[in-house]
Amino acid sequence: MDKILIIDDSQDIRQQLKWGLADVYSVVLAESVNEGISLFKKHQPVVVILDLGLPPHEHSSVEGFRCLSELTDLNPHVKVIMLTGNSERENALKAIDMGAYDFYAKPPVISELKVIIARAVHLANIEEQNRILQKSLQANPGGMGGIIGQCQEMLTVFSTIRKVAVSDVPVFITGESGTGKELVARAIHDTSLRKKQPFIPINCGAIPENLLESEFFGHEKGAFTGAHSTVQGKLQFAHKGTLFLDEIGELPVNLQVKLLRFLQEGIIQRVGGREDIAVDTRTVCATNIDVSKAISEGKFREDLFYRVSVISLHLPPLRERGDDILLLAHYFLRLFSEEYKKRVRRFSASAVAYLKSYSWPGNVRELRNRMQRAIIMCEGSTITPADLGSDQESEELPQQIPSGIYSLREARSRVEIEMIEAAIERNADNIQKAAEELGVSRPTFYDLMKKHGLRKDWPGVIVE
Ligand SMILES: Nc1ncnc2c1ncn2[C@@H]1O[C@H](COP(=O)(O)OP(=O)(O)OP(=O)(O)O)[C@@H](O)[C@H]1O
Ligand SMILES: [Mg+2]
């Protein structure tokens, strides 16, 4: 439940609001500025409802303004809704000027206030998503190989990459499938002194066993049936560059022995050949299997393991990366919207909840694939859980808007907002066309947008 702080000296109003809002929000009450500030620090609510006239100057706005500026100093993103008396319109406008989100004239009508609060919460959430995205763009100015990440574990990964890149030490990358092992291997190469030389990946699990030796070391003409000409091995191609041994856990034991010998001596011989060929390469290996188990079962040689794992680097599963999930989702949203020339801008609240709660067994690769599909499937500008392939029911409206009986005024407002938003979306932000479609003039359409606090780009999360 989102938290709301109410600061009002009137016991009646506090109680009325608490009763009215407690079904949707977790409500915290304060009766003075000082109490309000200390509860604000403690609970960090996204929305505050603040009385303009507070003691000891109940009949002026001094305390209300003081409180507002302290709140916005503490958190510039907080949404403060001012509660004002009817005669205080000018001060209410001044409060907006000082950074309040909205004002509302007493006496409070719960159903109306709920709509204002729901919008404030929704906007706060969207702004937060946007900040996360901006942070990600700043965090990767050079793109660290296009690896997106902000969580502590990924920051450690970046710093390890930077540290190991300049040396030639072998790096051993572990992590579940789809966590970005190959991406990291390429980033190590691209950050290293060998970056202008080749990066040669070999997928040890994908090549039939009888062809592996030749793939690694090459072969001489006539070395075996079908060897019509002399062929260079991948190792030789990696000379001066980086050799990436993917799925090294799948390498058959006899080849593990040969690979170890190469790593110790830096020399290869082609299959069927006698010439010693010196190869200078840096190795980066990756696996998603449990290596210590493979070693104890005799499937992986311990001596090879020690040789290739001077530095080991573990990539956490996506479900353990916290806000990185949303960060990556937004990154892919932008990437694929551009690629497919679609105007998809944002996630619905329920889509965000889905992204956060799903377990992502296929990790970043799965998120990438689902986002690609979502952008292709999405019909409007907002991605729903259904677009993401969720089997849960999609909820188009922000979850915070309570269902139930609305006052006529509230119902009319909601219908207006929905129709305006839909018309803007259908007409690709062309206000003239949207207005024509709804049968009103352009100025009237703008008035309606203003009345409901709508902006053309609201609540888009992509800054263009
Ligand atoms: N942090 C990240 N930021 C951006 N893209 C990522 C990130 N991690 C992975 N990807 C993308 O996800 C996909 C899978 O990554 P990658 O192939 O590196 O995973 P892997 O760990 O090697 O998987 P596997 O074990 O299945 O081989 C790629 O398209 C990659 O570009
Ligand atoms: Mg891989």
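The legends below describe close-up views of a predicted model.

Local features are given only where pLDDT is at least 70 and side-chain atom pairs only at pLDDT 80 or more, while totals for chains, interfaces and linings use all residues. Residues are numbered from 1 along each chain as its sequence is written, chains are lettered from A and ligands numbered from 1 in the order in which they are written, and side-chain values use heavy atoms, with hydrogens and water left out.

**View 1**
UniProt annotates residues 3–121 as "domain: Response regulatory" in an unreviewed entry; UniProt positions are given in the numbering used here, feature names are shortened, and annotations may be inferred rather than shown by experiment. Over this span the chain is 47% helix and 21% strand, and the end C-alpha atoms are 9 Å apart. Helices (H or I, at least four residues) and strands (E, at least two) are DSSP runs, numbered from the N terminus. The sheet has 5 strands in the order β2-β1-β3-β4-β5, with parallel pairing; two strands pair if DSSP finds at least two bridges between them. Strands β2 (26–30) and β5 (102–105) are the edges, each pairing on one side only. The twist averages 20° from one strand to the next.

**View 2**
Strand β3 (residues 47–51) pairs with strand β4 (residues 79–84) in the parallel sense over 5 bridges, and I49 stands opposite I81 in β4. Helix α3 (residues 62–74) packs on the sheet and touches β1 (3–7), β3 and β4, with its direction at about 165° to that of β3. Contact means heavy atoms within 4.5 Å. Helix α4 (residues 89–97) lies across β4 and β5 and runs at about 160° to β5. Axes are lines fitted to C-alpha atoms, for helices over the stretch in contact, and angles run from 0 to 180 degrees between N-to-C directions.

K42 is found in helix α2 (residues 33–43) and is exposed, with a relative accessible area of 65%. Buried means under 20% relative accessible area, exposed over 50%, and partly exposed in between (1.4 Å probe, protein chains only). Q44 lies in the loop between α2 and β3; its phi is near 45°, a positive value in a residue other than glycine. Q44 is exposed too, at 63% relative accessible area. In the loop between β5 and α5 (110–139) lies P107, and the peptide bond from K106 to P107 is cis, with omega near 0°.

UniProt places "domain: Sigma-54 factor interaction" (unreviewed entry) at residues 147–376. That span is 45% helix and 15% strand, and its end C-alpha atoms lie 23 Å apart. An open sheet of 5 strands runs in the order β7-β10-β13-β6-β14, and the pairing is parallel. Its edge strands are β7 (199–203) and β14 (311–314). In helix α7 (residues 181–191), K181, V184, A185, A187, I188 and H189 are buried. These residues pack against α6 (152–165), β6 (171–174), β7, β10, β13 and β14.

**View 1. T283 in strand β13.**
Strands β10 (residues 242–246) and β13 (residues 282–287) run parallel and are joined by 4 bridges; the bridge partner of L245 in β13 is C285. T283 also lies in β13 and is buried, at 5% relative accessibility. Leaving aside neighbours within four places in sequence, T283 is in contact with V169, P170, V171, L243 and L263.

**View 2. N363 in helix α15.**
N363 is in helix α15 (residues 363–377). Its phi is near 55°, a positive value in a residue other than glycine. N363 is buried, with a relative accessible area of 0%.

**View 3. Helix α17 against helix α18.**
Helices α17 (residues 431–438) and α18 (residues 442–451) pack at an angle of about 95°, with their axes 9 Å apart. That makes α17 roughly perpendicular to α18; angles under 35 degrees count as roughly parallel, over 145 as roughly antiparallel, 65 to 115 as roughly perpendicular and the rest as oblique. I431, Q432, A434, A435 and L438 of α17 meet R442, F445, Y446 and M449 of α18.
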